[in-house]
Protein chains: 2
Amino acid sequence: MIHITIVGTGALARNLYHNFIESKKVALQIIGRSKEQLDYFSNATTTTNFKSAQDSELIILAVSDTDVSICEELIGISERFIVHCAGSLALDVLKSPNAGVLYPLQTFNIINIVDLKRVPILIEATNESSLKYINNVAHIISSNVCQLNSQKRKEAHLAAIFANNFSNYLYGISKELLEEFDLPEDLLDELILQTAKNAIANHPKEIQSGPAKRNDVTAIKLHLDMIYNPNHKDLYEKLSNAIKDYYYEL
Amino acid sequence: MIHITIVGTGALARNLYHNFIESKKVALQIIGRSKEQLDYFSNATTTTNFKSAQDSELIILAVSDTDVSICEELIGISERFIVHCAGSLALDVLKSPNAGVLYPLQTFNIINIVDLKRVPILIEATNESSLKYINNVAHIISSNVCQLNSQKRKEAHLAAIFANNFSNYLYGISKELLEEFDLPEDLLDELILQTAKNAIANHPKEIQSGPAKRNDVTAIKLHLDMIYNPNHKDLYEKLSNAIKDYYYEL
């Protein structure tokens with residue numbers, strides 16, 4: 001058994017916890033500030049004492065970007081392998097000699113636990129032995145491990161903002177419109193799923209459809225008149241213009 | 001066997017064709033202008049003669065919005081059931097007495113044929129007997145048939161623009177960024193799929209994440225500096241502001 005400590009009790013910590021436990025290859029310790037939150041991790045030893053991290057081979061900081069350095073300080077600098085999991089933080093925010101990054105390129109929440117087997121895990125380390133160790137650990141939970149330096153990881157994270165954060169916001173607007181129009185709340189579910197599947201099976205730019213793609217100004221005008229929320233109206237216009245610009249080079 | 005004519009040879013026609021053939025309950029005739037395109041439909045009778053539509057019980061106009069009226073004229077007005085499949089066209093664009101709408105709320109392309117069984121089919125008709133008939137036909141391909149008038153259908157179509165057209169455009173930008181940064185082209189595939197699954201399992205507004213949601217101005221600034229394409233930069237800024245506005249009511 002490999003002895004790993006996860007610091008943090010949020011969505012990422014919970015998803016890592018379930019995936020490591022599932023592997024049956026890892027003995028886990030979870031460190032968190034709140035005893036209540038620690039109760040969730042019934043198949044791991046838990047503690048509020050950050051120094052206990054030193055008892056394990058690898059320390060995974062599954063905390064928010066701003067807490068990464070604070071947690072490393074609370075634990076104390078040592079020869080232990082230590083990684084953070086942040087897409088947009090460079091490796092050198094960690095001061096420990098055997099430091100690295102283990103960044104699962106996925107979106108997490110505490111309700112739907114994700115199977116990480118096919119999820120890209122982006123790794124990086126300060127030296128070869130750390131990289132080898134982190135690579136082995138990453139392979140326990142995913143078959144898709146990818147070595148990328150801090151700059152490339154930041155770039156991947158930026159692309160992920162468009163694929164996840166912004167798309168999710170638009171899905172949110174579409175659901176709000178269903179509520180506003182008193183339409184069934186699940187009316188767009190199949191469309192949302194198929195949109196994602198199509199974007200993977202094809203280049204999204206090649207399967208773009210809709211009024212903006214057709215430069216159908218009548219339909220666009222009609223839609224704008226139907227949107228009450230000025231922020232939604234504004235986004236409809238901006239996105240339609242962006243699509244028109246792209247396809248017609250106006 | 002029910003005798004149905006589909007007018008059109010594009011993505012929607014092909015998807016309807018496969019779903020009706022699969023049901024084994026329908027004898028299909030396909031009408032199109034191009035003999036070459038008609039070759040695709042090997043399990044149907046095909047013709048370029050629009051008047052032949054009159055030989056079937058139901059005529060489905062699976063053509064672009066602008067061609068709906070033109071096709072009805074080419075076929076000629078009769079007592080036959082006739083439907084269009086356009087989300088944003090009212091029922092009354094058709095002049096035939098037994099007219100209706102059969103609108104599958106889904107995105108279609110000619111490469112990936114979609115199983116329509118769970119896809120909402122929005123229907124409407126000029127009279128009760130037509131509605132009953134169209135309802136029966138819609139149930140052959142989907143268990144999710146929903147009667148909505150032209151106004152409600154237009155509203156559903158507008159919400160679908162956000163869920164499909166605009167999301168797809170953002171997926172396209174994310175893939176372009178991967179190319180630009182020389183990152184693996186499938187790096188975001190699992191994220192894109194999970195984003196869609198999460199948007200269905202939860203209200204997207206409740207699981208929003210990212211720098212804009214956290215009002216993390218440092219990360220936003222960093223990202224903006226990394227985007228070369230001015231259109232992408234502009235959209236990043238607009239979408240981040242929209243998210244900040246929504247969550248912080250700035």
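Reply: Over all chains, a search of the whole structure finds 18 salt bridges, where a salt bridge is a side-chain nitrogen of Lys or Arg within 4 Å of a carboxyl oxygen of Asp or Glu. Side chains of opposite charge can pair when their charged atoms come close. This is a predicted model, in which local features need pLDDT of at least 70 and side-chain atom pairs count only at pLDDT 80 or more, while totals for chains, interfaces and linings use all residues; side-chain values use heavy atoms, with hydrogens and water left out. Residues are numbered from 1 along each chain as its sequence is written, and chains are lettered from A, with ligands numbered from 1, in the order in which they are written.

One of these bridges joins the side chains of B:Arg153 and B:Glu124, with N and O 2.6 Å apart. Because B:Arg153 lies in helix 5 of chain B and B:Glu124 in strand 7 (residues 121-125), this pair ties together parts that are 29 residues apart in sequence; helices (H or I, at least four residues) and strands (E, at least two) are DSSP runs, numbered from the N terminus. Both B:Arg153 and B:Glu124 are buried, where buried means under 20% relative accessible area, exposed means over 50%, and partly exposed covers what lies in between (1.4 Å probe, protein chains only).

A further bridge runs from B:Lys175 to B:Asp189, whose closest N and O atoms are 3.2 Å apart. This pair links distant parts of the chain, with B:Lys175 in helix 5 of chain B and B:Asp189 in helix 6 of chain B, 14 residues apart. Both of these residues are buried, and for B:Asp189 the relative accessible area is 16%. Leaving aside its neighbours within four places in sequence, B:Asp189 is in contact (heavy atoms within 4.5 Å) with B:Lys175 and also with A:Ile200.

In chain A, the side chains of A:Asp225 and A:Lys221 meet in a salt bridge at 2.8 Å, N to O. These two residues both lie in helix 8 (residues 217-226) of chain A, four residues apart, which is about one turn of the helix. A:Asp225 counts as exposed, at 52% relative accessibility.

Salt bridges also cross from one chain to the other: the rule finds four of them across the interface of chain B and chain A. Among them, B:Arg118 pairs with A:Glu190, the closest N and O atoms being 3.6 Å apart. On the side of chain B that touches chain A, helix 5 (150-180), helix 6 (189-201), helix 7 (217-226) and helix 8 (230-248) of chain B each supply at least two residues. Helix 5 of chain B gives the most, with 28 residues. By class, this side of chain B has 44 nonpolar, 24 polar and 15 charged residues, where Ala, Val, Leu, Ile, Met, Phe, Trp, Tyr, Cys and Pro count as nonpolar, Asp, Glu, Lys and Arg as charged, and the others, Gly among them, as polar.

The whole contact takes 83 residues from chain B and 83 residues from chain A. About 8,100 Å² is buried between the two chains, with carbon and sulfur atoms giving 69% of this area; buried area is the accessible area (1.4 Å probe) that two parts lose on being put together, summed over both. Since 100% of the interface residues of chain B are also interface residues in chain A, the copies meet through the same surface.

How are the two copies placed?
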